[in-house]
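Q: Could you take a close look at one strand for me, and then carry on to the rest of the model from there? I'd like to know how it pairs and what else is worth a look.

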Amino acid sequence: MIPARAEKDRSAREGVGASVPRREDARLLAGEGRFVADIKLPGMLDIAFVRSPVAHGRIRSVIKPGGLEASVFIGADLEGVTGIKAYSGLPGFRRSIQPVLAEGKVRHVGEPVAACLASTRAKAEDLAEAVLLDVETLPAVSEMTRARDANAPLVHEHWTENVFLETAVDIGFEAAIAGAAAIVKRTFRTSRQCMAPIEGRGVVAYYDLQAEQVVLYSSTQMPHVVRTGLADCLGIDHGRIRVIAPDVGGGFGYKGVLSSEEVFATWAALTLRRPVRWIEDRREHLTGGANCREHHYEITGYAAQDGSLLAVDCEAIVDSGAYSIYPFSACLEAAQVASILPGPYRLGGYRCRTWSVATNKPPILPYRGVARAGVCFAMELVIDALARELGIEPHAMRLANVVPPEAMPFTNITSKYFDSGDYPEALRRAAAAIDVGAVRRRQCAGERVGVGFAIFCEQGAHGTSVYAGWGIPMVPGAEQATARLTPDGSLELRVGVQSHGQGLETTLAQIAHEELGVPVAQVKLVHGDTALTPYSTGTWGSRCAVMAGGAVSAATARLAERVRAIASHLLQAPPSDILLENGAARSRFGAAEVTLREISRLWFTAPQNLPPGAEMTPLEATEGYKPLRDTGTFSYACHAALVSVDEEIGTVRLLDYVIVEDGGVLINPMVVDGQVLGGAAQGIGTALYEKMPFDEAGQPMAATFADYLLPGAGEIPPIRILHMETPSPLTRFGQKGIGESGAIGPPAAIANAVNDALAGLGVAVSELPITPEHVLAALARANGAAE
Amino acid sequence: MKAAAFAYTAVASSAEAIGALGSSGPLAKVAAGCQSLGPMLNLRLVRPERLIDVSRAVDMRRTTDEGDALVYGGAVTHAEIEDGLAPDATPGWMASIARGIAYRAVRNRGTIGGSLAHADPAADWVVTLTALGAEVLLCSPAGARRLPLSQFVTGALATALREGEIVAAVRVPKRGPAARWGYWKFVRKRGEFAKASAAVLIDTERQETRIVIGAIERAPLVVPDAQAMFAGPQTHRAVLESLLPGRPQGSLVFHAAALRRAIAIAQGETAQAAMP
């Protein structure tokens, strides 16, 4: 870490650590953002897809409506197009190919089978209705726990069982469990969810005759990766494709993928030379896009009499759906389960087996937090169960077992390298803020209230070695940024990551300000365009603050050197004495200064005044960056929830919610708070509301938001965020990735709080979301036991 | 998710609407706020040939005082009742009911007449106006008729509306300060369709006591012996079970809870609240 800002006032108005209002909000809140659906091109055709009505079936025929054959496309029409492939590098991985338009078989409801083009979406839907799709329904694999049964139908007929990948790890397990005083075995499951960004997916594609390339506007988190995937599927050079992500209304992982719709639209624009558009609607999202979070755990925790955690044994199933998605594959989720389950705890032994099973459901995508929300739920409920068994306060049990600050940096049982942090202190602060003692008093007074904790770490901005180790087909390397002064002395930053709600137009400008002293208002961020920005694997994995932030710092620091060299000449002072502040260069020892504007003007339009040869050194720089280790930063948080349970109707009310969060040095605390709050709202959805039920035949049973419940503002309690700030020794400013954190803790904290409220009755909930029906069932079990 | 093509006529009065309906044939549909019809059109669950939009029909936008009752034009919106722009026939109950309907965006456009004509068993007006003893004013080329709401709603999404007839207005009896009211619905989140609901009216002045159970996938249930329910919640489950045979126990739990809570609110034991 370079202690650049240690010398400066922490309250620096615009630099690292300042809560600069988000610059992009003026545009977005005034309705002036430009999203894919706002783009209208002359002659543009709308696409409606004919989608599979069944979860598993053999396509007998697809008959195009008479006279309109030229407007309808099926798989056989896509000459030269190959399906989407994402093969894990791990041994034993079973391969699948996701077709652009299904041929032969359909493997989940909502899978595209034909594409219909017309002048409006309504007419395209008319056309889609007129396509005769004849499918022979096959028995479906709907329930992940039965996917490996001997008589289960095969999702991919050339496989021997419905498993993408099976993994096993055993680290000193048997030796560690000797002397266990408490052994608790639990079964947990989480439900399949829809990520439900405000803006769904969408594409507009057209052929640019002059550039001889197809331009794809896509609501994506990773334009560069999409381009690579498109080039592979279409068999054309990267130079023939430009991908642009305009304003994007939320991603959360749903847009971290190459979709069939993107491939088809690009092919259509290239082939037909007509602009085409597809905008996902909510029915498509809900019925064909429920693609995250579905896990099943059989987990056993072992602890000594004094509460020391000895070992954990787990068998986890991830419902990976029908295909391995590009670029993260079908196995990212299970890889995370196996490696992250131990969480922030010191363990003596650990054993974990995982199965990424194939089912007739949409292919799984990594939703904010990825597997962490599920593993945190499983692990933290086991901790509470052990604590209850041993008669220890749950937060005290955690306090005794989390990695202490003096052990940092710490390598845990799965070889995760914790860079820094004070986990016990986070627990203490959360316990004090939620006031455990007051809850216990209310319980003694007969109130059905409960308190629950969840403590977890979030590995973020992890890089090459981690993704290569997980066998993920796309492995991130360094991140790059270009910094460039314009003739008026403004700064242009070009980054390959893409902002879709993270506030990067503000935070990356703050980092540039830190290095160059350029006012934030004079920094323009160019992002989300493969033609204009350096390659990047995109925005995901809580990586931008660390990776793109580091790259912007490196590029602007390089540019600062060049600016100092010119200023040194103009101010007649050595470069080391030149300070860059308030958009100007000045000597540390004199009042004389020269503005960036003047320096730029000279370089671009009056080079005769520059030091000799200075015009040969560009006022722009591209630099790569990766942290000192690529194993990731470990931000962490402790969530504490206070709930009441209504015994008559089984509802859970959130009375208080505290998050103690340590994201290292915060680039912009206000932006971080926004990220944490938004994530927590999603986590509350996972905990209490969201579930896409599938029936035996693999049919999704919720087609609108009347049936798929998302929490609204009214369901989110006031959330108190308490910050700790332990710098990461690995990153440029000590910052850590924190973007997913808020979504990870709520299911565990809320479930533990509900179970705390029910503890006196001897029953517990074990499934997400915690619906009134679940709670009433648990209460009925308690009554049954009492009778 | 775009509607199949349809023709569209906006009318300026109920008379014009009736005329348009008469000349359009059976596949025309009356539309007002479109908060239920709109999604159904987009999901292509309904495919009318023509929509006759009454949301700007002048006489259907009015509220008229008839002395012992207020008559709300069918196109008066929930938001207008919530905000007091349309007068309240009750001591604030209607505004409170309106405030609990879905979300403000829905209330801005959704109408009282539209809600009744749609007759969703979980809809707030369907349940509460039955309890409040409201009547609908139905108009057609054949003339006008008045029907108590309890006879108008005949089932889930089913009404006594005849071909060519529209819900022109809703007549709600006024309630004095001595009258008591309780309404409670079970929802997991604000704005959601109720999974169970109950409304209780105790009007000693007009000697009316009514208890209505809603969100039961049929017309609202008017409990025959309302007085018996006030004896205490012990018998509620059994009574509901006999009145609603075949209903799963899991669902009766919520209806019994709604009933108990609505009575408690009406009896002043707990404050009126829309949420559990």
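A: Happy to! Two strands count as paired if DSSP finds at least two bridges between them. Please keep in mind that this is a predicted model.

With that rule in hand, take strand E6 of chain B, residues 135-140. Five of the six residues in E6(B) are buried, so the strand is mostly covered, where buried means that 20 or more other C-beta atoms lie within 10 Å of a residue's own. One partner of E6(B) is strand E7 (residues 143-148) of chain B, joined to E6(B) over six bridges in the antiparallel sense. E6(B) and E7(B) form a hairpin, with two residues between them.

How far can you trust chain B? Its average pLDDT is 95, and 98% of its residues score at least 70. The model as a whole scores ipTM 0.95 and pTM 0.97.

The contact takes 18 residues from chain B and 21 residues from chain A. On the chain A side, helix H2 (121-130), helix H6 (282-288) and helix H19 (772-786) are the elements that give two or more residues. Of these, H2(A) gives the most, with four residues. By class, the side of chain A that touches chain B has ten charged, eight nonpolar and three polar residues.

H10(A) has twelve residues and reaches 17 Å from its first C-alpha to its last, close to the 16 Å expected at 1.5 Å a residue. Its buried residues are A:Tyr423, A:Ala426, A:Leu427, A:Ala430, A:Ala431 and A:Ile434. Seen down the axis of H10(A), these buried residues fall within an arc of 130°, so they line one face of the helix. After H10(A) comes A:Asp435, whose phi is positive, near 60°.

Strand E22 links us to another helix of chain A: the buried residues of H7(A) pack against E22 as well as strand E9 (163-171), E18, E19 and H8. H7(A) is mostly covered, with nine of its nine residues buried. Among these buried residues are A:Glu333, A:Gln336 and A:Ser339, along with A:Leu332 and A:Ile340.

The loop between strand E18 (309-319) and helix H7 (332-340) holds A:Pro327. The peptide bond from A:Tyr326 to A:Pro327 is cis, with omega near 5°. Another cis peptide bond runs from A:Met408 to A:Pro409, with omega near -10°. A:Pro409 lies in the loop between H9 and strand E20 (410-411) of chain A.

Two further backbone spots deserve a check. A:Val370, in the loop between strand E19 (349-357) and helix H8 (372-390) of chain A, has a positive phi of about 50° although it is not a glycine. A:Val370 has 29 other C-beta atoms within 10 Å and is buried. A:Ala196 is likewise not a glycine, yet its phi is positive, about 50°. You will find A:Ala196 in the loop between strand E11 (193-194) and strand E12 (202-208) of chain A, and it counts as buried with 21 C-beta neighbours inside 10 Å.

Last, visit A:Arg274, in the loop between helix H5 (260-272) and strand E15 (276-279) of chain A. A:Arg274 is partly exposed, with 16 other C-beta atoms within 10 Å. Leaving out residues up to four places away in sequence, A:Arg274 touches A:Gly43, A:Leu45 and A:Ala269. A:Gly307 sits 33 residues from A:Arg274 in sequence, and the two are 67 Å apart in space, C-alpha to C-alpha.

How values were computed:
Residues numbered from 1 in each chain as written. Chains lettered and ligands numbered in written order. Predicted model: local features only at pLDDT ≥ 70, side-chain atom pairs only at ≥ 80, totals over all residues. Contact = placed C-beta atoms within 7 Å. Nonpolar A, V, L, I, M, F, W, Y, C, P; charged D, E, K, R; others polar. Expected span 1.5 Å × (residues − 1). Buried ≥ 20, exposed ≤ 12 C-beta atoms within 10 Å, placed from the backbone. Arc of directions from axis to C-beta. pLDDT = per-residue confidence, 0-100.
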